[in-house]
Every structure is written in structure tokens, then in C-alpha cells.
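Look at the model below with the sequence beside it. The paragraphs that follow go from strands to a helix and then to the core.

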Amino acid sequence: MAFDLSNYETVEDRLARFWSDHPSGRVHTELVIQDGNQVIFKAAIYFDAADPIPRATGYASEEKGSSPVNKTSHLENCETSALGRAYRDWE
């Protein structure tokens, strides 16, 4: 299946929708690996802050300098990607 940009929802929009639908939810991100060039983040979302098991998780990996945004912000970009993947899977 080809990627259809017209159906893409930004992470910012996904996050706003999540908080609207689950105001007592919880979002947790964890830096799994940071070795100087590569970073890996895990994101977990919970419909209720007290839930012991996340409703969805997402992982992402980025390499420093691999794209224009990753020259200065590979850590932030990776965390956002992990969140986007977790939010994609919670529906």
C-alpha cells in the first residue's frame, strides 16, 4: 500500500486528539539507546494514568546527521516519531 499524504495526521494532531479523548491518560517516552550517532526511543500511551499496561507502544530510530532535521534535532525527531507510531496503533 502506497503512502497517501492526504490521509496523514501530524503527531501534534494525534496528541491533541488523544488528550481530548483520554484526559486522564498518560504518555511515557523512554530513551532506549543513545550511542553518539544513533538514538532509539520507545513511547507508550495509556488511556488512564493508573493503567499498568500501555494501550499501545511505538519505537523509532534516528541517526545523527542522516537528514537536515537530524543534523540538529535527531533526539527530538526520534521521540516524536516514536510517539506518532504509538498513537497510530491505539485506535
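Two strands pair if DSSP finds at least two bridges between them. Strands (E, at least two residues) and helices (H or I, at least four) are DSSP runs, numbered from the N terminus. This is a predicted model, in which local features need pLDDT of at least 70 and side-chain atom pairs count only at pLDDT 80 or more, while totals for chains, interfaces and linings use all residues. Residues are numbered from 1 along each chain as its sequence is written, and side-chain values use heavy atoms, with hydrogens and water left out.

β2 and β3 are paired in the antiparallel sense, over 8 bridges. Within β3, Ala-60 is the bridge partner of Phe-41. In a regular strand the side chains alternate between the two faces of the sheet. The covered face of β3 holds Ala-56, Gly-58, Ala-60 and Glu-62, and its uncovered face holds Thr-57, Tyr-59, Ser-61 and Glu-63.

Next comes α1. Its buried residues (under 20% relative accessible area; exposed is over 50%, partly exposed in between, with a 1.4 Å probe and protein chains only) are Val-11, Arg-14 and Phe-18. They lie on the same side of α1 because they cover an arc of only 60° around the axis, taken from the directions from the helix axis to the C-beta atoms. Glu-12 and Ser-20, on the other side of α1, are exposed.

A nonpolar core is a set of buried Ala, Val, Leu, Ile, Met, Phe, Trp, Tyr and Cys residues joined through side-chain atoms within 4.5 Å. The largest one here has 14 residues. α1, β2, β3 and α2 each supply at least two of its residues, and α2 gives the most, with 5.
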